[in-house]
Amino acid sequence: MVLPMSRATRVAGRLMPEISLLRRGRKSAARGGDDAEVEVSVPANFVCPISLEMMRDPVTAPTGITYDRESVEGWLARGHDTCPVTGRPVRLADLVPNHATRRMIQDWCVANRARGVERVPTPRVPVGEDDAEEVVAGVSAAARRGDAAACGAAAATARALGRESERNRRCLAGAGAAHALSSAFGLLAGEEPVVEGAVAGALGEILAALTVFFPLDEECRSCIASPPSLKSLASLLSHGGELAARVSAAVVLRELASSGDRHALEAIARAHGMCDALVGLVTSPVSSQATKAALVTAYYLVSSGDRAAARFAELGVVPAAVELLVDADKGTSEKALAVLDAALCADAGVESARAHALTVPVLVKKMFRVSDMATDFAVSALWRLCRAGAGAAPCRAEALRVGAFQKLLLLLQVGCAGVTKERASELLKMLNGSRGSVECIETVDFKGLKRPF
């Protein structure tokens, strides 16, 4: 709602004096004493009318109202084109840095440093349209010349500027940064994958810069999903010289796989060495981010068809996912369970899972205390293992032994819906016939089984 000028001023006048910074500071040893709460009132003219917090980078609109840059730029980015206080038209280009107010805020912070107030750093000058176009042109020109070092340096500059602020990121994106970086990667990748030297370093910088400008459009995805580019991505994933390059390659692949672009997904599946590289990141993790990105990409590939599921199963994704699940965090558990469930759609995946001693115990363990998504995938995977087949009986016996029956009962009591409810009910019927001959070894988790919900 846009307030008239006079009313907005009155509202701001009532609110701003009430705004304060609360800081906890420890009294000095000379004075003695415990922790004390010190309240510091922020002058009203230092407070942004939008966020009602102290401004860090004040800018003034043509209407004469001063805002914090992040707040007012966010306001304009959400589709507004007027001053929040006065309702008069305002454009992004009309905002002018208010250096006088910023220096007053910094001086006030320094004066109140003893009371726990931190000094506001001097903000960097945001990137202008001309500067953004120059940086993007530098990336393209260096790639066309085949100058890997210069191209890598220009890509690093684009990445650093884009990460400074959302304003910079939007400005560089508007200048075509993602297109330039994608094209540069394709040009430098060539026909033969390069995993060391200046070219490999430049490819790593380009991929790192690309992650700042997600999501990628169809043209960008087409460049990265070309056969030469995918060969270089697979090489970087497998034995890239730097850890950062491997992480960036995994993140870019995740973006391609999760974009819904069927052509890109099929190209990834066909790329030589790509599936091996992804399984390698799960089997021998190099970083949490790379592992999670590899799992997401693997999930989309495995889910794309039985042939891909069989290929990943042959490469050992099932035991890799099971062993990863033993002590994985929530995010990793969800993704590993998704890959495991998808891989069990293939006969090779089921055979591999039944041959691993930890598969059933891990699935039963992850059925609770992770998330609803993890519960869905764990129940589905266990259902696939316990269905009819030569190896189903031992899986059912193991599931009963580690307490699956009680957990499934509890799950239905707590409440689940859709496919998960159907498969949990089917699992209970499968397990019920063997209950008398198997002793459950895990009871501590089910103290609340008969508890009313």
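Visitor: Hi! How many bridges join strand S3 to S5?
Guide: Two bridges join them, and S3 (residues 58-60) and S5 run antiparallel. Strands here are DSSP runs of E with at least two residues, helices are runs of H or I with at least four, and both are numbered from the N terminus. Two strands pair if DSSP finds at least two bridges between them.

Visitor: What am I looking at, by the way?
Guide: This is a predicted model, where local features need pLDDT of at least 70, side-chain atom pairs count only at pLDDT 80 or more, and totals for chains, interfaces and linings use all residues. Residues are numbered from 1 along each chain as its sequence is written, and side-chain values use heavy atoms, leaving out hydrogens and water.

Visitor: Back to the sheet: what order are its strands in?
Guide: S4-S3-S5, in an open, antiparallel sheet of three strands. S4 (66-68) and S5 (96-97) are at the edges with a single partner strand each, so one side of each has no neighbour in the sheet.

Visitor: And which residue in S5 is opposite Val-59?
Guide: That's Pro-97.

Visitor: New topic! Which residues lie nearest the centre of the largest pocket?
Guide: Arg-56, Asp-57, Asp-68, Glu-70 and Pro-123, out of 29 lining residues. (On a 1 Å grid over the protein atoms alone, a pocket is an open set of points where a 1.4 Å probe fits, with protein on both sides within 12 Å along at least five of seven lines; lining residues have an atom within 4 Å of a point.)

Visitor: Which element gives the most to that lining?
Guide: Helix H2, with five residues. Strand S1 (20-26) and helix H6 (166-174) each supply at least two.

Visitor: What about the second largest pocket: which element leads there?
Guide: Helix H12 does, giving five residues. Helices H13 (274-283) and H15 (306-314) give two or more each.
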